[in-house]
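Visitor: Could you walk me through this protein model, starting with a charge and a ring?
Guide: Gladly, let's have a look together.

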Amino acid sequence: MAQELIRVFREGKGTGCEMRFENGQSVGRILNQGEGVFLDKRFLSVEDAKAFCESELKKDMSLVFDIMRGDDILHTVMNLAYHGAREKRWNRNYAILSTAAVMLLALIVSVTVMPFQTITGHLVFIAGMTLLYVLFLSIMGTGNIEGAVVMVIILVLAVLIAPQLTKHVKPSQEIEHSG
């Protein structure tokens, strides 16, 4: 029985792969092909396929190749430094933009609902909400949306609770001095 030839799959937008370990071996499958394509070229060995993929990576560092035998992914070839830098850049941009959005929401909540009498009170509230969000980012990771969702919930709760805080506060009364 002849051995199956090695194929190369170039991942594209929407490609989804699953990698897991079975019996100490890494086993991968393509779950969703997306815009990825199988290249026409076939190889006799994994080493030949790796060499081809590495030569293609010199032309375009953003590419990701899966070396496959049948439906099994044997190896994934990509420029780790490029993809790591791209992910860090995306995470940094997400953190900056989402923090700015949280600050804006905290400003809106503070100005419209909170009973602060001074600008300092509003600034402390906004700074506190921003620091809480930064803490969520550091705990949950900058690529996750959970921190932003939790902050929106906290700010909605603040909107609901703030009127309750002011309901029980009596206006200050001047003390009459009797002579």
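Visitor: Over the ring of which residue does the charged end of Arg7 sit?
Guide: A charge sits over a ring if NZ of Lys or CZ of Arg is within 6 Å of the ring centre and within 35 degrees of the ring normal. The charged end of Arg7 is 4.2 Å from the centre of such a ring, and that ring belongs to Phe38.

Visitor: What should I know about the numbering and the model, and what is the mean pLDDT of the protein chain?
Guide: Residues are numbered from 1 along each chain as its sequence is written. This is a predicted model, where local features need pLDDT of at least 70, side-chain atom pairs count only at pLDDT 80 or more, and totals for chains, interfaces and linings use all residues, while side-chain values use heavy atoms, with hydrogens and water left out. pLDDT is the predictor's confidence in each residue, from 0 to 100. In the protein chain 91% of residues reach 70 or more, and the mean is 86.

Visitor: Which kind of aromatic pair do Phe43 and Phe52 form?
Guide: Rings of Phe, Tyr and Trp (its six-membered ring) pair if their centres lie within 6.5 Å; planes under 30 degrees apart count as stacked, over 60 as edge-to-face and the rest as tilted. The count comes to 4 aromatic pairs. In the one formed by Phe43 and Phe52, the centres are 5.3 Å apart and the planes are at 40°, so the pair is tilted.

Visitor: Is Ser110 buried or exposed?
Guide: Leaving aside neighbours within four places in sequence, Ser110 is in contact (heavy atoms within 4.5 Å) with Phe116, His122, Phe125 and Ile126. Buried means under 20% relative accessible area, exposed over 50%, partly exposed in between (1.4 Å probe, protein chains only). Because its relative accessibility is 0%, Ser110 counts as buried.
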